[in-house]
Amino acid sequence: MAMFDPVALPLIFAALMGVSILLYVVLDGFDLGVGLLFPFAEEAERDRMIASIGPFWDANETWLVLAIGILLVAFPVAHGDILTALYLPVAVMLIGLILRGVAFEFRAKAPLGHKRPWDVAFWAGSLMTALAQGFMLGMYVMGLEWTWPKVAFALGTAGALAVAYSFIGAGWVILKTDGVLQRKAVDWAKGGIWGMVLGMGAVSVATPLVSERIFDKWFRFPEIVTLAPLPLMSGLLVALLWLALRRLPTANDSFAWFPFVGAVVLMVLGFFGMAYSFYPYIVPEQLTIWEAAAATESLSIILVGTLVVLPMILGYTVLAYVIFRGKATKLSYD
């Protein structure tokens with residue numbers, strides 16, 4: 001196992017974990033967002049919304065399992081510190097995910113008169129999961145310290161992330177549907193975009209303020225010039241999204257893809273901004289990637305397994321999106 005560099009190995013696993021988290025936020029983010037939009041849709045529309053995410057939602061959650069798995073086996077010390085500090089919101093998230101999964105399956109088998117409670121359960125599970133993840137994001141930015149001001153900030157990011165998920169969910173519905181439901185989704189997206197802007201803005205402002213080290217990384221010269229394109233690109237993209245939403249839907253369905261793709265790009269930009277801010281720490285201002293990493297021998301063995309499993313996950317994920325591309329049709333369980 002000497003062929004693996006002991007300095008590079010923790011970086012490789014940190015990158016793999018970061019990519020897994022990003023893919024989860026994007027992919028499960030849109031189907032969580034679809035669930036959050038349930039109260040605003042009619043029953044037939046909810047069926048079509050479910051049809052739009054049905055082939056994907058199980059595979060989307062694989063990335064969360066992979067990210068937590070990498071954290072556990074590659075960075076066991078950080079796993080203990082982070083999940084201990086976030087035990088309560090993690091428990092709420094898991095309950096929400098279970099509730100979503102049960103509701104998704106049972107609404108398909110329930111008689112017509114009993115479908116409504118399962119729709120409510122699906123919405124409630126989506127809301128619990130989104131709020132819990134937003135709360136965890138806020139607490140991580142605040143250094144995992146449970147003080148009233150920091151908890152208040154985390155509650156704010158919880159709400160903002162839930163609205164941001166509703167925006168990317170609305171973008172997915174715009175992409176995958178047409179007619180009245182697509183027009184409704186455009187209206188939903190017009191409201192949801194401001195939640196994404198608020199959340200990204202709050203995290204972007206708070207992150208440098210909680211750490212002098214992060215403040216210097218963003219605002220010293222020449223970094224402030226080098227990094228300027230990141231917020232400028234984000235602002236330009238928000239403006240383009242707003243202009244596009246004012247003109248959607250179009251007669252020939254052109255640019256129906258833009259709200260979803262724009263939301264994805266915004267999330268990617270936000271992710272890279274956070275990654276730059278916290279590097280090289282995996283537990284904010286406490287543990288670096290190398291301090292938290294497992295033994296080189298363990299990482300070497302795990303890397304071999306990861307290189308086998310990861311292409312399989314990527315392969316069936318891409319295959320599912322290729323096979324089920326196009327507009328979602330009427331839901332059928334036959």
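Predicted model: local features only at pLDDT ≥ 70, side-chain atom pairs only at ≥ 80, totals over all residues.
Visitor: Is His79 buried or exposed?
Guide: His79 has a relative accessibility of 17%, and because buried means under 20%, His79 counts as buried.

Visitor: And which residues does His79 touch, apart from those up to four places away in sequence?
Guide: With those set aside, His79 touches Ile68, Leu71, Leu72 and Thr84.

Visitor: Stepping back, how many helices and strands does the chain have?
Guide: The chain has 15 helices and two strands. Its radius of gyration is 20 Å, close to the 20 Å that the globule rule gives for 334 residues, so the chain is as compact as a globular protein of that length. Along the principal axes, its C-alpha atoms fill a box of roughly 55 × 40 × 40 Å, and 49% of the 334 residues count as buried.

Visitor: What about the largest nonpolar core, how many residues are in it?
Guide: That core has 99 residues, and those with the most contacts inside it are Phe13, Met49, Phe75 and Ile282. Its largest share, 14 residues, comes from helix α8, residues 148–176. As a general point, nonpolar side chains tend to be buried together in soluble globular proteins.

Visitor: Which residues is Met49 in contact with, leaving aside neighbours within four places?
Guide: Met49 is in contact with Val34, Leu37, Phe38, Ala41, Val173, Leu181 and Trp188.

Visitor: So how do α2 and α9 cross?
Guide: The axes of helix α2 (residues 43–53) and α9 come within 11 Å and cross at roughly 80°, which makes α2 roughly perpendicular to α9. On the α2 side the contact is made by Glu45, Arg48 and Met49, and on the α9 side by Val180, Leu181, Lys184 and Trp188. Sorted by class, the residues of this contact are four nonpolar, no polar and three charged.

Visitor: At what angle does α9 pack with α13?
Guide: Helix α9 (residues 179–210) and helix α13 (residues 258–278) pack at an angle of about 10°, with their axes 11 Å apart, and that makes α9 roughly parallel to α13. From α9 the contact takes in Met196, Met200, Val203 and Thr207, while α13 brings Ala263, Leu266, Met267, Gly270, Met274, Ser277 and Phe278. This contact has eight nonpolar, three polar and no charged residues.

Visitor: Changing topic, where is the cis peptide bond with Pro249?
Guide: The bond from Leu248 to Pro249 is cis, with omega near -5°, and Pro249 lies in the loop between α12 (229–247) and α13. A cis peptide bond also joins Tyr279 and Pro280, where omega is about 5°, and Pro280 lies in the loop between α13 and β1 (281–283). For context, most peptide bonds are trans, and most residues other than glycine have a negative phi.

Visitor: On phi, what is the value for Leu144?
Guide: Leu144 has a positive phi of about 65° although it is not a glycine. Leu144 lies in the loop between α7 (115–141) and α8, and it is buried, with a relative accessible area of 10%. Asp253 also has a positive phi, near 65°, and its place is in the loop between α12 and α13, where Asp253 is partly exposed, with a relative accessible area of 27%.

Methods
Residues numbered from 1 in each chain as written. Heavy atoms only, no water. Core = buried A, V, L, I, M, F, W, Y, C linked by side-chain atoms within 4.5 Å. Buried < 20%, exposed > 50% of the residue type's maximum accessible area, 1.4 Å probe, protein only. Helix = DSSP H or I, 4+ residues; strand = E, 2+ residues; numbered from the N terminus. Contact = heavy atoms within 4.5 Å. Axes fitted to C-alpha atoms, helices over the stretch in contact; angles between N-to-C directions. Parallel < 35°, antiparallel > 145°, perpendicular 65-115°, else oblique. Nonpolar A, V, L, I, M, F, W, Y, C, P; charged D, E, K, R; others polar. Rg over C-alpha atoms; globule rule 2.2 N^0.38 Å.
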